[in-house]
Amino acid sequence: MPLVLHVHQIRRRVVEPSGTRFVYGRSVSRTQWTIHGETVVDENRHIRLSTVDVELPDGVHFTQYVARMPRCAMTLVLNENREALLMYRHRFIIDRWVWELPGGYVDHAEDVALAAAREVEEETGWRPRTMEHLVTYQPAIGTLDHPQEIYLARGADSIDTQPDINEAEDIRWIPLEEAVRMIERGEIIGAATVVAVYRALSLPE
């Protein structure tokens, strides 16, 4: 008589090696890169640049430059007409004029939401009425560790503070739909602003 095994009779014992993780039932430890050492090349309060001795799973060794930067906080300020508060500024690294969200570094021990609101006031002369966390992301995880926090402010009030002359050439309220077209035209290229605009499209009106 042939042997018939029912599903409930079959047992597979999976032994998980130390340090191994399973994603969708597959071990991923074998694809993890091994770090043999890190040498700091330069460091200040805005960036830490290192070279890292890396070994790939196939045994190949190479040196990778790695940059680590402090957390940043940006704010998407929307008014009752679903217009976003954007800044027009020159970015000398790429030598281009672009539109961006207000934002900047979070000071040591500073509350992230308060830092985001502070940057809006300093850079635009508008004070957010509310602050809620929208999304957290990393812009370039292959070479850069630079956490980015985007907040949503619904409404803002103009204050007496003059915008920082070092930050923006122009400040405008721009409809979200127009901001999408500006992304398509290459007028908005900064990762935080692109992420925020597309994320905002899914928000209830």
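Modeller: In this predicted model, the side chains of glutamate 149 and arginine 71 are joined by a polar contact of 2.5 Å. A second polar contact, of 2.7 Å, joins the side chain of glutamate 149 to that of histidine 133. Glutamate 149 sits in strand β13, which covers residues 148-154. Its relative accessibility is 9%, and because the cut-off for buried is under 20%, glutamate 149 counts as buried. Leaving aside neighbours within four places in sequence, glutamate 149 is in contact with Arg71, Cys72, Ala73, Met74, Val112, His133, Val135 and Thr136.

Two of those contacts lead on to other parts of the model. Val112 is in contact with glutamate 149, and helix α1 spans residues 112-124. Helix α1 has 13 residues and reaches 18 Å from its first C-alpha to its last, close to the 18 Å expected at 1.5 Å a residue. At the start of α1, a side-chain oxygen of aspartate 111 comes to within 3.1 Å of the backbone nitrogen of alanine 113. After α1 comes glycine 125, with a positive phi near 80°. The buried residues in α1 are Ala115, Ala116, Ala117, Glu119, Val120, Glu123 and Thr124. Their cover includes β13, the strand of glutamate 149, along with β6 (72-78), β7, β9 (103-105), β10 and β15.

Cys72 is the other lead. Cys72 is in contact with glutamate 149, and Cys72 is also listed with Arg91, Glu100, Tyr105 and His146 as lying nearest the centre of the largest pocket. That pocket holds about 1,100 Å³ of space and is lined by 32 residues. At least two lining residues come from each of β6, β7, β8, β9, α1 and α3 (191-200).

Strands β7 and β8 bring in the aromatic residues. The count of aromatic pairs comes to four. In one of them, the rings of tyrosine 88 and tryptophan 99 have centres 4.8 Å apart and planes at 35°, so the pair is tilted. This pair links distant parts of the chain, 11 residues apart: tyrosine 88 is in strand β7 (residues 83-91) and tryptophan 99 in strand β8 (residues 96-100). Tyrosine 88 is partly exposed, at a relative accessible area of 26%, whereas tryptophan 99 is buried, at 8% relative accessibility. The rings of tryptophan 126 and tryptophan 173 have centres 5.2 Å apart and planes at 90°, so this pair is edge-to-face. It too links distant parts of the chain, 47 residues apart, with tryptophan 126 in strand β10 (residues 126-128) and tryptophan 173 in strand β15 (residues 170-175). Tryptophan 126 counts as partly exposed at 24% relative accessibility, and tryptophan 173 is partly exposed at 23%. Both β10 and β15 are included in what covers the buried residues of α1.

To return to the request: glutamate 149 is buried, and its side chain has polar contacts with the side chains of arginine 71 and histidine 133.

How values were computed. Residues numbered from 1 in each chain as written. Predicted model: local features only at pLDDT ≥ 70, side-chain atom pairs only at ≥ 80, totals over all residues. Heavy atoms only, no water. Helix = DSSP H or I, 4+ residues; strand = E, 2+ residues; numbered from the N terminus. Buried < 20%, exposed > 50% of the residue type's maximum accessible area, 1.4 Å probe, protein only. Polar contact = N/O pair within 3.5 Å; in protein donor to acceptor, adjacent residues only side chain to side chain. Contact = heavy atoms within 4.5 Å. Phe/Tyr/Trp six-rings, centres within 6.5 Å; stacked < 30°, edge-to-face > 60°. Expected span 1.5 Å × (residues − 1). 1 Å grid on protein atoms, 1.4 Å probe; cavity = no way out; pocket = protein on both sides within 12 Å on 5 of 7 lines; lining within 4 Å. Points joined across faces, edges and corners; volume = space filled by probe spheres on them.
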